[in-house]
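Hi,

Here is the structure I promised to pass on.

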Amino acid sequence: MNALDLARWQFGITTVYHFIFVPLTIGLSILVAGMQTAWHVKKKPAYLRMTKFFGKLLLINFAIGVVTGIVQEFQFGMNWSDYSRFVGDVFGAPLAMEGLLAFFLESTFLGLWIFGWDKLSPRLHLATIWLAAIGTNVSAYFILAANSWMQHPVGYRINPETRRAELTSIWKVLTNSTALITYPHVIFGAFITGGMFLIGVSAWHLARRRDAEVFRPALRLGLVVSLLAAIGVTVSGDIQARVMTEQQPMKMAAAEALYETSGPASFSLFTIGSLDGGSELWSVRVPHLLSFMATADPDGTVEGINDVQRQYEQLYGPGSYKPVIPVTYWSFRLMIGFGLLATLLALGGLWLTRRGRFPAGRWFPRMAVAAIALPFLANSMGWIFTEMGRQPWVVAGVLQTRDGVSPTVGSASVITSLTVFTLLYAALAVVAGTLMVRYARQGPPPEDQTPRDDEPMPAFSY
């Protein structure tokens with residue numbers, strides 16, 4: 001493997017690993033803020049215990065996410081210096097805004113929330129968690145705006161003298177149509193992640209008949225949020241597919257491994273074919289579905305890989321503009337499949353827990369705990385499809401991935417850092433998993449540590 005392949009593997013591993021923590025932070029921060037708001041309004045001790053319990057898990061997840069995210073910034077300058085030099089004026093703007101504005105807001109008020117339980121007034125302390133949660137969601141938008149520019153570059157020009165991309169309109173970058181639809185899709189996915197986390201942890205404790213006054217409302221909250229967010233993911237994903245078809249027709253064709261232009265085009269639920277994706281031996285298909293996903297018309301025409309390849313050759317010159325078809329094909333289906341399973345569990349859970357019920361036996365708690373992984377897998381598969389489907393471009397239609405790698409960094413250097421970071425991340429995964437499981441099993445603080453209405457706000461014990 002050359003330095004380019006190794007650098008891609010390293011950035012892919014770093015990004016997928018980092019994004020494991022991101023959606024849980026985004027979704028859970030809003031849910032914890034809602035829990036504290038419920039306690040502030042109703043003064044029920046169970047809501048305060050719920051806030052402290054899930055707030056502690058949020059902080060563990062947030063800390064690991066910050067550590068893993070910092071490494072990505074260094075890789076831009078070390079492994080991808082030609083990319084950074086070419087697009088730094090454009091790509092750096094939303095990232096700078098994220099760091100100076102959103103992350104500052106997020107980290108500052110999260111710190112005030114952690115240490116201000118017995119120092120701030122109840123209203124002011126409640127405001128800190130909401131500001132931290134808002135900062136987390138705003139931070140996500142700036143990062144998605146930067147990534148969306150790579151998918152659909154706008155608001156820039158190429159300087160013919162320096163041969164670098166220069167920003168002409170930050171407004172166009174921030175209001176990129178790709179960003180405007182990607183953001184709600186990601187946020188809804190984050191709410192499913194946070195909701196399924198509540199479901200799994202709460203079901204585990206309820207099966208052991210622990211703290212029902214805390215975990216029964218938490219379970220119902222998780223089920224409702226997950227189901228509503230699943231509807232949002234479906235609607236936003238449907239719109240996103242049409243935007244993707246218009247802006248990146250090769251990616252849409254690769255999602256179905258559709259080699260020849262078809263109208264109407266079916267969607268295959270499962271396919272057996274050659275390893276290179278070039279031929280199909282057997283498949284299960286839904287007629288007209290791909291046409292509807294791509295064009296909103298069940299009889300619409302969807303361009304095939306071969307036709308798009310010929311168009312790109314005329315625009316950009318000789319070469320292959322096809323992504324790795326098996327990766328795009330299966331990551332797209334796994335994204336949908338994992339999300340659908342999470343939706344079905346939320347829908348079934350709402351029915352089974354209606355009117356204060358809880359299913360007898362251990363089958364539902366076991367399914368609920370296992371289902372915590374479903375949105376994480378769906379999110380990861382979605383990003384793998386998004387980034388791999390853009391290949392061979394690092395900036396669609398502007399800069400190919402092979403032209404963005406650092407020219408002076410050799411394979412030995414990259415494989416050394418790749419090995420070190422992979423082992424380090426494996427160790428961090430063990431630490432993060434151990435902490436999350438330990439504190440999740442520990443349960444909320446006892447009720448005698450929560451205040452009465454006339455008592456001051458208690459300190460947050462760690």
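Which two side chains meet in a salt bridge at 2.7 Å, N to O? Those of R49 and E213 do. R49 sits in helix α2 and E213 in helix α7, so this pair ties together parts 164 residues apart in sequence. By salt bridge I mean a side-chain nitrogen of Lys or Arg within 4 Å of a carboxyl oxygen of Asp or Glu. Helices (H or I, at least four residues) and strands (E, at least two) are DSSP runs, numbered from the N terminus.

Before the rest, some housekeeping. This is a predicted model, where local features need pLDDT of at least 70 and side-chain atom pairs count only at pLDDT 80 or more, while totals for chains, interfaces and linings use all residues. Residues are numbered from 1 along each chain as its sequence is written, and side-chain values use heavy atoms, with hydrogens and water left out.

**Salt bridges**

The structure holds 11 salt bridges. R49 also forms one with D211, with the closest N and O atoms 2.7 Å apart. That pair links distant parts of the chain, since R49 is in helix α2 and D211 is in the loop between α6 (177–207) and α7 (212–247), 162 residues apart.

How covered are these residues? R49 counts as buried because its relative accessibility is 4% (buried means under 20% relative accessible area, exposed over 50%, partly exposed in between, with a 1.4 Å probe and protein chains only). D211, at 24%, counts as partly exposed, and so does E213, with a relative accessible area of 38%.

Another pair to look at is D89 and R164, whose side chains meet in a salt bridge (3.3 Å, N to O). D89 lies in helix α3 and R164 in strand β2 (residues 164–167), so here the parts tied together are 75 residues apart in sequence. Both ends count as partly exposed: D89 at 36% relative accessibility and R164 at 23%.

**The cavity**

There is one cavity of 30 Å³ or more. For the record, a cavity is a set of points on a 1 Å grid over the protein atoms alone where a 1.4 Å probe fits but cannot get out, and lining residues have an atom within 4 Å of a point. The volume is the space filled by probe spheres set on the points, with grid points joined across faces, edges and corners.

The largest cavity has about 50 Å³ of space. Its lining includes T25, S29, L58, F62 and E106. Two or more lining residues come from each of α1 (3–42), α2 (45–78), α3 (81–115) and α4 (122–151), and α4 gives the most, with four. By type, the lining divides into six nonpolar, three polar and one charged.

The elements giving two or more residues are β3 (267–273), β4 (280–286) and α11 (325–352), with β3 giving the most, three residues. W282 lies in strand β4 and, at 47% relative accessibility, counts as partly exposed.

Cheers

Terms used. On a 1 Å grid over the protein atoms alone, a cavity is a set of points where a 1.4 Å probe fits but cannot get out, and a pocket is an open set with protein on both sides within 12 Å along at least five of seven lines; lining residues have an atom within 4 Å of a point. Ala, Val, Leu, Ile, Met, Phe, Trp, Tyr, Cys and Pro count as nonpolar, Asp, Glu, Lys and Arg as charged, and the others, Gly among them, as polar.
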